[in-house]
Protein chains: 2
Amino acid sequence: MSLLVVGSVAFDTIRTPDGKEYQDVLGGSCTYFSCAASYLADVRVVGVVGDDFGQEPIDLLEKHGVDLTGLEVVQGGRTFRWAGTYAENMNDRTTDDLQFGVLGGFDPKLPENYRDSDTVFLACAQPELQLKVMDQMRGSPLVVCDTIEFYIETAREALDQVLSRCDGVIINDGEAKLLTGESNVIRAGERIAKMGPRFVVVKKGEHGGVLLAEGQAWPFPAFPLTDVADPTGAGDSFAGGFMGYLSRKKSSDLNTLRRATVYGTALASYACQGISLNRLAALSKVEVEKRACDFAAMLRIPE
Amino acid sequence: MSLLVVGSVAFDTIRTPDGKEYQDVLGGSCTYFSCAASYLADVRVVGVVGDDFGQEPIDLLEKHGVDLTGLEVVQGGRTFRWAGTYAENMNDRTTDDLQFGVLGGFDPKLPENYRDSDTVFLACAQPELQLKVMDQMRGSPLVVCDTIEFYIETAREALDQVLSRCDGVIINDGEAKLLTGESNVIRAGERIAKMGPRFVVVKKGEHGGVLLAEGQAWPFPAFPLTDVADPTGAGDSFAGGFMGYLSRKKSSDLNTLRRATVYGTALASYACQGISLNRLAALSKVEVEKRACDFAAMLRIPE
């Protein structure tokens with residue numbers, strides 16, 4: 001039931017196609033992930049923020065039972081900031097600004113009580129840092145990672161090491177293609193599985209994704225939404241729901257992985273329904289179960 | 001069990017990203033549709049070709065039990081031709097050339113024995129022609145239509161009439177958005193349903209699609225393929241599998257519609273696995289049932 005996540009904690013500025021701008025709202029892979037996973041498992045965060053972070057987001061995550069012992073607050077430092085604009089389709093986006101702040105010098109140190117977590121998610125970070133986290137773990141936790149274009153292009157050797165040591169990968173379609181040179185998503189996922197991990201989830205944004213495990217592909221659509229307020233963090237929320245479910249079940253067998261895609265999809269859809277974490281952080285466990293259940297029923301073709 | 005389809009019969013020239021070109025291969029909405037549907041229902045074709053069409057494609061369709069009484073052969077005329085190039089992702093394509101030939105003067109006349117077909121698919125054609133076909137039907141068949149950008153932009157009034165008289169619509173996501181001005185696929189589908197039809201399928205190419213019926217959305221992924229030889233006609237093959245299943249079951253209740261999306265997906269995936277109709281036309285009924293069954297199992301989340 002103990003799920004460790006390492007990644008970014010951020011302030012986002014989000015511009016939506018209706019011309020609205022949401023300035024310095026709470027964001028970051030770690031934040032979305034831990035909030036989503038908190039409905040299913042005990043989550044422990046390793047991350048870094050500046051002293052501009054304030055108490056409000058800390059209260060929000062702690063209210064969800066998220067352990068923030070590993071959240072380093074750098075005095076005089078500035079929290080990582082991202083700004084982006086969404087296209088009319090609410091799927092494509094452009095990055096307008098990126099200010100690394102304290103994330104630039106991030107050196108993850110695991111508190112003693114974190115080191116025996118049974119499940120680990122290495123959210124998008126420098127592969128060297130992801131390796132450092134793995135080196136600090138005791139026992140043999142289930143380790144799953146994510147990565148982005150930047151590290152595929154600039155830190156390929158370390159990334160290959162990460163992949164060879166991971167049990168699973170959760171990655172976007174564009175990055176899966178870049179990582180493998182394959183233009184077909186299924187082939188890209190199969191190629192990644194050959195780099196080490198036992199299972200791969202390739203995420204396709206509003207089009208759902210595909211789980212590759214045991215030599216088979218299991219595609220799934222996204223939960224149908226008529227209104228997408230803000231898709232920022234949907235992929236990290238998917239990972240949170242997915243990993244939270246694995247941690248809750250203490251299993252990663254094929255059936256559990258397949259059910260985990262349903263929880264991931266449910267949490268990702270809730271994340272899209274509010275600006276920043278507004279909707280995601282306001283859920284009840286019953287709402288999470290209900291959407292997962294509704295989604296599984298949506299997929300079940302009547303005999 | 002009698003399924004009428006009206007649409008184009010064509011020769012296609014297909015250019016794939018590996019640099020290959022397939023010249024004047026059999027194509028057209030009617031052709032893909034009728035071949036796909038032939039595994040499930042008795043299909044009757046209304047279409048037009050020139051005297052360059054030859055006996056070979058006629059033999060191929062007749063071997064599948066397709067009734068070609070309504071296929072008009074215009075002496076001295078030239079069969080409709082389309083040429084296109086696929087992008088590296090095998091999903092996007094550009095039209096290189098379009099020669100309407102005899103399709104330009106097409107005036108669909110239904111043979112007497114076609115007029116009591118219980119199911120009708122109006123594949124992409126001028127809305128005025130689609131109306132003419134409906135006017136020639138006896139009884140109250142289940143009527144489903146498709147359309148494209150060109151008619152949405154140039155024949156909106158007649159198209160609105162078609163939509164108001166149809167039971168269902170099968171349409172691409174881009175066209176659904178254009179038709180409704182909605183950027184969200186689910187909302188676009190809901191808006192189309194308000195124009196008359198009881199159900200709408202919005203197709204999303206390699207990303208599957210969504211069925212809208214009884215006020216609910218039922219999303220489905222595509223069948224996962226590692227190798228796509230030629231996606232031409234995949235949408236028409238989807239429609240063929242979908243409509244063929246409705247005709248076979250003599251029903252269009254919600255459960256039948258949902259199972260029909262599985263047959264549509266199965267036939268569309270086979271269409272992608274060969275150039276032109278090479279794979280689609282070489283199937284056995286057992287292979288069709290097997291893929292439909294495999295796909296439904298892929299979607300069923302274990303308890």
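Among contacts in chain A between residues at least 6 apart in sequence, what percentage join residues at least 24 apart? The figure is 66%. Keep that in mind as we go through the fold. One caution before we start: this is a predicted model.

Let's take chain A as a whole. Chain A has 303 residues, and 53% of them count as buried. A compact globule with 303 residues would have a radius of gyration near 19 Å. Chain A comes in at 18 Å, which agrees. Along the principal axes, the C-alpha atoms of chain A fill a box of roughly 60 × 45 × 35 Å. As for secondary structure, there are ten helices and 13 strands in chain A.

Now the sheet. Nine strands of chain A form an open sheet. Reading across, the order is β5-β4-β1-β8-β9-β10-β11-β12-β13, and the pairing is mixed. At the edges sit β5 (67-74) and β13 of chain A, each of which pairs on one side only. From one strand to the next, the twist averages 15 degrees.

A quick reminder on pairing. Strands of a sheet pair through backbone hydrogen bonds, and they do so either parallel or antiparallel.

Here is one parallel pair in chain A. Strand β8 (residues 119-122) and strand β9 (residues 142-145) run parallel, joined by four bridges. Look for A:Phe121: its bridge partner in β9(A) is A:Val144.

What lies across β11 (199-203), β12 (209-213) and β13 of chain A? That is helix α9(A), and it runs at about 165 degrees to β12(A).

Let's switch to chain B and zoom in on strand β11. This strand covers residues 199-203, and five of its five residues are buried. Which way do they point? B:Phe199, B:Val201 and B:Lys203 point one way from β11(B). B:Val200 and B:Val202 point the other way. Note the lysine: B:Lys203 is buried along with the rest.

Now its neighbours. On the β10 side, five bridges join strand β10 (residues 168-172) of chain B to β11(B), and the two run parallel. Across that pair, B:Asn172 stands opposite B:Lys203. With strand β12 (residues 209-213) of chain B, β11(B) again makes five bridges, but here the strands run antiparallel. In that pairing, B:Val201 stands opposite B:Leu211. The hairpin of β11(B) and β12(B) has five residues between the strands. In this hairpin, B:Gly205 takes a positive phi near 60 degrees.

Last topic: how the two chains go together. A rotation of 180 degrees, with 0.0 Å of shift along its axis, superposes chain A on chain B, at an RMSD of 0.0 Å. That is the relation of a two-fold axis.

And the contact itself? It takes 29 residues from chain A and 29 residues from chain B. Four elements of chain A each supply at least two residues of the side that touches chain B: α7 (185-194), β13 (216-220), α9 (254-272) and α10 (285-299). By class, that side of chain A has 16 nonpolar, seven polar and six charged residues. Of the interface residues of chain A, 100% are also interface residues in chain B, so the copies meet through the same surface.

Methods
Residues numbered from 1 in each chain as written. Chains lettered and ligands numbered in written order. Predicted model: local features only at pLDDT ≥ 70, side-chain atom pairs only at ≥ 80, totals over all residues. Least-squares fit on C-alpha atoms with pLDDT ≥ 70 in both. Contact = placed C-beta atoms within 7 Å. Nonpolar A, V, L, I, M, F, W, Y, C, P; charged D, E, K, R; others polar. Buried ≥ 20, exposed ≤ 12 C-beta atoms within 10 Å, placed from the backbone. Pairing = 2+ DSSP bridges. Rg over C-alpha atoms; globule rule 2.2 N^0.38 Å. Axes fitted to C-alpha atoms, helices over the stretch in contact; angles between N-to-C directions.
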